[in-house]
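Subject: The model we talked about

Hi,

Here is the structure for you to open in your viewer.

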Amino acid sequence: MNGDVVTTFNVFHEMPLSILIAVYFYMTGLSAGSFILSTMAYGFGMEKFKPIGRVGVVMAVVLLGLAPLNLIAELGQPLRFWYLFPYLNPASPITWGSFLLTLYPINCLIYGYFMFKGRPKLTRAFGLIGIPLALSVHGYTGFILALGKARALWNTALMPTYFLTSAMVSGIALMILVVMVRDRFFMPEKKINRGIVSTLVTMLLITIVFDLFLALSDVLILLTADTEAREAALLLLQGGFRPYFLGVEVGLGAVIPLALLLLPATRRQFKFIAAASVLVMFGILAMRYVVVIGGQTIPLS
Amino acid sequence: MSSSEAGTAIAAGVRYGMVVDLRRCTGCQACSVACKAEMDVPLGVFRTWVKQIEKGEYPFVSVSFLPSLCNQCEQPICLRNCPTRATYQLENGIVVVDPHRCIGCKYCIASCPYSVRYLSPLKKIAEKCEFCRHRLEDGLEPACVNTCPTGALVFGDLRDPDSNVSKVLKRNPVQVLKPDRATFPQVYYLAADSEAMEARGASEGQER
Amino acid sequence: MPFRRAPKWLLAVGVVAVVVLGLYAVMASVNFVTANPLYCLTCHGTGGTPDESKVSLVHPAYSEVGCVDCHVEPGHYVLVEGYRGGYAADPPRVSAACLRCHADMSSKEDTTGFKFNVLNVEVSHKAHVSERGAYCSDCHQDIAHDSRPEPTNRPQMNYCYACHETSTLCMKCHGSSIPPDPAFGIPWSEQISIGNTPPNVPHSLDGRLAACLVCHQAGSGGAPKAPVSHAGRTIDMCLACHQSVKGNATPTPTPTTPIPTTPTVTLPPTTPTVTLPPTTPVGGPPGVPHTLDGRDSCRVCHDTGLMGAPKAPASHAGRTNDMCLDCHTAKTP
């Protein structure tokens, strides 16, 4: 771009999707992550995850109940939200989402009902059915962005995987915090179950590393692709979103928690594990913010 | 395009398109104003506008324009992404929004590579240029085409080899905005400046 | 509680009934809300030139006929707003809606029984609608949405000219039973001229042959303002009713002498002592200076000048009593 060029007139275009959408993505991610963790016990029969089975499904349901409220608030005509069902468009990811957002919570409720009733076989069945639903209910949000191919930051094949990985990261972090709080304050022994926490921490480490890898791949390829892609990458690395991307998402949300969870001095202490989990949750929220808002910051006309 | 041409063009097999001849555009913004008046476009949003850039340093300066409007693409992203099919494409190629069905999710606005859609601040639904189809039905040209004092906007049936727009397209080198997005836009630009075509964001005075 | 001991099937029926009634209640209330014109106006009443209808004199929208009654396909619930084509403003949709209530109109040949017809327009609806397939909205475009500064919600004359040739023969459409005076059935209270008849032209037409409305539309130069109904009329239409007083070279916007509504002289039964000038005096036709008792037919005396009665001008041939009294106000009982 020639430095001599000045735009003397161009129209201001308001950003269509607001932070409510970023929050919605965040909440569905947490819900899906919680559900997957819950099915580790009751779906796959991994006994060591039993302590988090129930709390997982409860969190999944609560988060999924609250998440669509963000969407309805974001609509220009909220009372028409039900048009999504009769007037569907199979090509649109939002149509997939509206049906997933009904099937998945129903499935969660049934799964949870059978779990609390003590019916292991049915619990397992609905748990397994729920896994693709949970993956879809968050994966489709990645498709929403990826199929909005106008925006260079969104139009990448990595987006659904990136979203799902971030969902697992934030879900595991949330689960660690919830388990710690529950064990410490609400269980009779008032003692945190070190076994489950350390399992979760291991999973968190793996997913954080994979998440970082995806973020790195995304930015690196953007940097070396076409002009708009490069502009998007530079926005994250040098521009207005550098504090959110490098500062919060990568730094506070990934690097520091990795350090806390790997360094011998801190990795065994619950307070540092809790701190790391909190930072991770902020980091993933920043990731959603960067993608949704940052992606719309770059002008298209 | 003469009104008789437009009147008979409502028949089947028509595909409307436009050529924007930047050799003739003076940046007067009459098209923008005519559109605002014709379609009662709310304040702050535009269905069509003329982007303007200045290049160079005195005395070697130039001004370039880019009238922007919905390109009525052959493969519109907005159409594919609309969850309620509120936005659909007519036989003649015009992409329209059904105001009674739009839920205002703004996905189409986020998906459009040309930023030609907006959310109406009054009605809270998505709106955009529809080539003045109510005028086309009456055998008239779109308001912007009608008002352009230099005839920089050429409108007509792309499938009719004798229409003005077809003749201009056949005789001149033209380009479209963002051909790499695989949208196949049907608004063609003649002698557009590449830096004017780039995404530049709002000008200084337009920041809100 | 007997509730608990009720048989299961009864409970099931009860639940189903509650659900069904509940659904019905919800749908009925939604329909009620969305059928209200105010609901439509939440979108259609916004912007610089809203579709908001000025309250129609003919169809008071907020009490009797709403948006839905004209713009929705008969039989459709307003609930399904997103139904493509549910709402339309095109002539076939709107005219079909008119006929739902005004079903007899397409076979009506006369104009009897019309609620409003102040200008006494005689149009055969049967000829236009049934035989020629005209849409109601082709003429009645302003029934609800009349955007003129003084809306009347009546069909405008220029809508007729979309198909018919323009004509200055007013009586062609405005009814043969109405005198050719330009009262046209408008209540006398609406007339602004002195003497309750359209004034004659008190000035010569020299240099004023372009158009009367050049001065009389806006009232420039002190000319009396023409009523809104006169908009668009050409000079020949003006002169069809406002007779020009020839020979008067001095333009006077209003007469300077007071216009008597009754002559100052009472006519004796035999010898007239006052002769009315050959042209109609400034201010219009004279009032009736005598009682109407025992005088059932004006023309018996005034056609031939019997018993000294002023002879009616040739233009008055064939007029009936009610026509006479429309212009010549009987001031004495």
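First, the conventions. This is a predicted model, in which local features need pLDDT of at least 70 and side-chain atom pairs count only at pLDDT 80 or more, while totals for chains, interfaces and linings use all residues. Residues are numbered from 1 along each chain as its sequence is written, chains are lettered from A and ligands numbered from 1 in the order in which they are written, and side-chain values use heavy atoms, with hydrogens and water left out.

**Chain A**

Chain A holds 9 helices and 1 strand (helices are DSSP runs of H or I with at least four residues, strands are runs of E with at least two, and both are numbered from the N terminus). Along the sequence the pattern reads β-α-α-α-α-α-α-α-α-α. The radius of gyration, taken over C-alpha atoms, is compared here with a globule rule of 2.2 Å times the number of residues to the power 0.38. For 301 residues a compact globule would come out near 19 Å, and the 20 Å of chain A agrees with that. Its C-alpha atoms fill a box of roughly 70 × 55 × 30 Å along the principal axes.

In chain A, 55% of the 301 residues are buried (buried means under 20% relative accessible area, exposed over 50%, partly exposed in between, with a 1.4 Å probe and protein chains only). Of the contacts in chain A with a separation of 6 or more, 76% join residues 24 or more positions apart (a contact means heavy atoms within 4.5 Å). The accessible surface of chain A is about 12800 Å², with 73% of it on carbon and sulfur atoms (Shrake-Rupley method, 1.4 Å probe; for residues, only the protein chains shown count as cover).

S34(A) is buried, at a relative accessible area of 0%. Which residues does S34(A) contact, leaving aside its neighbours within four places in sequence? They are G56(A), M59(A), A60(A), L63(A), G171(A), L174(A) and M175(A). For G171(A), the distance to S34(A) is 5.3 Å from C-alpha to C-alpha, across 137 residues of sequence.

**Chain B**

Chain B has 8 helices and 10 strands. Its radius of gyration is 17 Å, close to the 17 Å that the globule rule gives for 208 residues, so chain B is as compact as a globular protein of that length. The C-alpha box is roughly 55 × 45 × 35 Å along the principal axes, and 59% of the 208 residues count as buried. Chain B exposes about 8700 Å², 52% of it supplied by carbon and sulfur atoms.

Four of its strands make an open, mixed sheet in the order β8-β1-β10-β9 (two strands pair if DSSP finds at least two bridges between them). β8 (153-157) and β9 (174-175) of chain B stand at the edges with a single partner strand each, so one side of each has no neighbour in the sheet. Helix α7 (residues 164-171) of chain B packs on this sheet, touching β1, β8, β9 and β10 (187-190), and its direction makes about 110° with that of β8(B) (axes are lines fitted to C-alpha atoms, for helices over the stretch in contact, and angles run from 0 to 180 degrees between N-to-C directions). Strand β1 (residues 16-21) of chain B pairs with β8(B) in the antiparallel sense over 5 bridges, and V20(B) stands opposite L153(B) there.

Helix α2 (residues 30-39) of chain B has C31(B), S32(B), A34(B), C35(B) and K36(B) buried. The buried residues of α2(B) pack against β2 (49-57), α6 (143-147) and β8 of chain B. After α2(B) comes D40(B), with a positive phi near 55°.

**Where A and B meet**

The contact takes 45 residues from chain A and 52 residues from chain B. Together the two chains bury about 4500 Å², 52% of it on carbon and sulfur atoms (the accessible area, with a 1.4 Å probe, that two parts lose on being put together, summed over both). On the chain B side, I103(B), Y107(B) and R181(B) lose the most area to chain A, together 15% of what that side buries.

**Chain C**

Chain C has 12 helices and 0 strands. Buried residues make up 23% of its 333 residues. Chain C exposes about 21600 Å², and carbon and sulfur atoms supply 64% of that.
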